[in-house]
Amino acid sequence: FPVIMDKYQEQPHLLDPHLEWMMNLLLDTVQDKTSPTSLVHLAFKFLYLITKVRGYKIFLRLFPHEVANVQPVLEMFTNQNPKDHETWETRYMLLLWLSVTCLIPFDFSRLDGNLIAQPGPARMSITDRILHIAESYLVVSDKARDAAAVLVSKFITRPDVKQKKMADFLDWTLHTLAHSSFQTIDGTITMDGVLQALAQIFKHGKREDCLPYASTILECLNNCRLSESNQTLLRKLGVKLVQRLGLTFLKPKVAKWRYQRGCRSLAANLKLSTQGQNKQVPNTGTPDGEEDYDVPEEVENVIEQLLAGLKDKDTVVRWSAAKGVGRIAGRLPKDLADDVVGSVLDCFSFQETDNAWHGGCLALAELGRRGLLLPARLTDVVAVIRRALTYDEKRGACSVGANVRDAACYVCWAFARAYEPTELRPFVAEISSALVIATVFDRDVNCRRAASAAFQENVGRQGTFPHGIDILTTADYFAVGNRSNCFLVISVFIAGFPEYTQPMIDHLVAVKISHWDRVIRELSAKALQNLAWCAPEYCAVQVFPKLLSLTQSPDLHTRHGAILACGEVTCALQRLAAQDGRSVTDYLDEKAVEGLKQIHQQVCTYGLGRGLGGELMRQAVCVLIENLSLSKMPFKGDIIIDGWQWLINDTLRSLHLVSSHCRQQVKEAAVSALAALCSEYYLKEPGEADPAVVDALMQQYLTELQSPEEMTRCGFALALGALPGFLLKGRLQQVLAGLRAITHISPKDVSFAEARRDTLRAIARICLTVGVSAEGVPDEVLCEANVPQIYSTLLDCMNDYTMDSRGDVGAWVREAAMTSLMELTLLLGRSRPELIGASVCKRVLCCVAQQASEKIDRIRARAGDVLLTLLHFDSPPLPHVPHREELEQIFPRSDVAAINWKAPSQVFPRITQLLGLPGFRYHVLLGLAVSAGGLTESTVKYSAQSLCEYVKSVQKDPQAMDCLSGTLLQIFEDNLLNDRVSVPLLKTLDQMLATGCFDVFTVVEDHPFAVKLLALCKEEIRKSKDIQKLRSSISVFCGMIPFPGDVRKKVLLQLLLLLCHPFPIV
């Protein structure tokens, strides 16, 4: 039942047609005298679940509330234990039911009869009993406390009860409040119940009944000092009660001075529109009699507390205070209400916290929605809302202000509904630009979506936002969910409208490139590059000088963002100039060009590339170098090029000093910068470079490959891979030999897996750069002389299973090797397929198939992609693919997209079919043995299951069984004492023996398979102290007992020897 009810949480009104019959069914059980207590409690629990979903206010109307129901409900309370925490739903529902029965239109004294005349001990009247129940449940710690507050509000405000009991009850509440402290748990619970009751009474009671007590209660509330409490709920209830006291002090009248747009009734609005009376002029004069209306002194105290509530640390308290400000202002004279608005605007000071800004936005939205914010104040309000839409304050490692920006969007949404288009017309440009900027450039998705909704509301209600419909169709709720899409795609579309271009660019320069979040700064720089196409002259003349000045800012974030932006804008201007056959210097004057040169010198001169911000500055300057090189800046032969080259080399050499989370980004930026720099500034003649410069560069880079720092090796390996073809000309063999040396595992660099990974990537990139020529020179292109060496290097790395404290780091190398093998093979297949030998092709596919059957999901997925890409490559098809037809049947082209290689349940049933292909059997069985004997439950389950099913399917074929068992033993023999393979293999053998895979061999005495397996197992565990290996071997020995002959005796002997093992667990 709870599961069914929870499905209606988002649309509870769907329950309405069914509420009555469900309630009647459950109440029949409750009212049945024969129902056991447990069943009654269960019925009330179900009633509570329905109430929780639909809300008690709707559910209350359905309770039976006849006079006859009062006594039975009261009787049920006699059996309730307020301290029983298992049955609180029963007490909660009974209190709600009792609150409905209190509404009967008869004096309760008529139900008492003649209490005095009745014999026996004096009985309490029904009124006293209900009051006693309410008071006792107001101080309990469970949900029944909330229902007791509802009961009090309905009961105390009855005409016959308020005359006799209201004063006494309020005295009790004030006494309870005065003697309770929010410093204790019990005090907090008591105050919560009492405050709820008072708030409900002042909500439902008549003003003339509550007014005599309001001042006393306000004074008591002030003495409680709830604003100092750490309990959010108490502060919220305090604000709620204060605002209701304030409403009690003021006469319930609608301010005639308020701004009115249209009518509350849709029918009345439509009638006015047909008569051509769309516009209603607000009455801003002072109506008669308002001057004589005295506002009680207590109201000032109330407003002061509500304004303080706007600055509370919790949102629910601020929201309650904002609603209170709106309600109170609606009953004040115009001048006093305007003072309240002024006080709310004081919240928007940079001395105030984000809480005050958020509360101020909520209050402005409430005032605007109620028509209490007159058009005369819009100038001030729009100014603060524009600031609130970009409010973002750094706090430690994060920021605050997302709630402020979201609330500012709510204000804009409320204004769209509150004012006539003519009133907001002077502010359309400001509001529309601010909302568009928030929609595409805000960091938080909820703020972008709120701004999009506010923009949509203004477009629909006001109809004055320029290009509103076009923007809405592009920047809708779902489109703005992706931040990169907003910055790089949607922003370009919106900037195409001239009204928004300049404000968007100005915002990026003034706010976003100095943002605390690095990702936002980088996106902003890229967005500036895109927007520069919409306003090139403005970017060159106005924006660029600002960016250059910001590169000298003392703030690290501003400096970083400005350097990135300078490079991106320069690149955009160069592309624009190239379209017209001009140079970038046609946009940038000499001062700007000189300023770009100075950036690198500032970084080096002042040591900005070192220390805490060094990694940011290095990455930014590398990106700048790349963009300036791509922009073909006229620096060829300039000394600045040597400075750039030194910075790139120093960055690659210092990678080990960069924090791990930034290292990859800095490394990629430096490598990209080097590639662009060399391509632009080292090319003297077409296809030629200065030999002296290139030789020095190559010598330095090849020397750095032998560095004792792994990260330095990574950086310079990738740098060699990124060099343009004309620098590699005549030096290809030298470079490949230097890279090949890093891929060999030696004792001193066995853990340098990342260096080997990046080296393989560099080799693949070099191959793609130099191209293929069958008759070419091995020092210039790929040819018959060097292709076998490259394949040998890559295939050797497929056996890298290095383990360290990080786990299987060799997986990085194997993954890079597979990718490089695929790229090299496809490159040769397109142009010179004859260079791919049959043995090489077979070895490549076998190694990839082995990885596709192993235990790491990521590696298996990559291997699967590589295998299918090579198999189905048809431009032209690769030569010498072994068992091509069988492979295409197992992996048809139509199923390529459907196979999820990370899902063991989908992969292993297909992979085991490769065991029937002799060329793949050894490698696939090796991979399956490691997977079936692994630790991951799903991998072990499906790999072992698929392997055993395959073996059983070929049991009737003696030749196939002999081949399979022989291959299995060969794998065992080849990997003897190699724990990475032998331990999982023992576990796999155990499973295969347990499931009867080798039962066909038990009919032959001393079968060769059993004899050799026993010998291998004995050799594997000889002098071993590995408990896991010993236990796995015991399981294998137990599985071999069914084999007849001497094998069985020897197996039993081994088990008896292991019984005497020093380790008790063995």
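## Reading helix contacts, salt bridges and burial

Author: In this predicted model, helix 40 and helix 44 are in contact: Lys842, Leu845, Cys846, Ala849 and Gln850 in helix 40 meet Gly919, Phe920, His923, Val924, Leu926 and Gly927 in helix 44.

Reader: How close do the axes of helix 40 and helix 44 come, and at what angle do they cross?

Author: The axes of helix 40 (residues 838-852) and helix 44 (residues 918-932) come within 8 Å, and the crossing angle is roughly 25°. Angles under 35 degrees count as roughly parallel, and helix 40 and helix 44 are therefore roughly parallel to each other. Their crossing is right-handed.

Reader: At what angle do helix 24 and helix 26 pack?

Author: Helix 24 (residues 483-495) packs on helix 26 (residues 518-531) at about 25°, and the axes are 9 Å apart. That makes helix 24 roughly parallel to helix 26. Helix 24 passes helix 26 in a right-handed crossing. On helix 24 the contact residues include Phe487, Leu488 and Val492, and on helix 26 they include Ile520, Leu523 and Leu531.

Reader: What is the handedness of the crossing of helix 14 and helix 15?

Author: The crossing of helix 14 and helix 15 is left-handed. Helix 14 contributes Val299, Val302, Ile303, Leu306 and Gly309 to the contact, while helix 15 contributes Val317, Arg318, Ala321, Gly324, Val325 and Ile328. The axes of helix 14 (residues 298-309) and helix 15 (residues 315-329) come within 8 Å and cross at roughly 145°.

Reader: Now salt bridges. How many does the structure hold?

Author: The general idea is that side chains of opposite charge can pair when their charged atoms come close. The structure holds 49 salt bridges. One of them joins Arg618 to Asp650, with the closest N and O atoms 2.6 Å apart. This pair links distant parts of the chain: Arg618 sits in helix 30 (residues 614-630) and Asp650 in helix 31 (residues 639-653), 32 residues apart.

Reader: Are Arg618 and Asp650 buried or exposed?

Author: Arg618 and Asp650 are both buried. Glu228 forms a salt bridge with Arg225, and the closest N and O atoms are 2.6 Å apart.

Reader: Which residues does Leu95 touch, not counting residues up to four places away in sequence?

Author: With those sequence neighbours left out, Leu95 touches Phe77, Ile133, Tyr137, Ala144, Ala147, Ala148 and Leu151. Leu95 and Leu151 are 56 residues apart along the chain, and their C-alpha atoms are separated by 6.5 Å.

Reader: Last, which domains does the assignment give?

Author: The domain assignment gives domain 1 (1-79 + 87-106), domain 2 (501-676), domain 3 (686-836), domain 4 (845-937) and domain 5 (955-1065). The C-alpha centres of domain 1 and domain 3 lie 76 Å apart.

Notes: Residues numbered from 1 in each chain as written. Predicted model: local features only at pLDDT ≥ 70, side-chain atom pairs only at ≥ 80, totals over all residues. Heavy atoms only, no water. Domains from an automatic or database assignment. Salt bridge = Lys/Arg side-chain N within 4 Å of Asp/Glu carboxyl O. Helix = DSSP H or I, 4+ residues; strand = E, 2+ residues; numbered from the N terminus. Buried < 20%, exposed > 50% of the residue type's maximum accessible area, 1.4 Å probe, protein only. Axes fitted to C-alpha atoms, helices over the stretch in contact; angles between N-to-C directions. Parallel < 35°, antiparallel > 145°, perpendicular 65-115°, else oblique. Left-handed = near helix turned anticlockwise from the far one by under 90°. Contact = heavy atoms within 4.5 Å.
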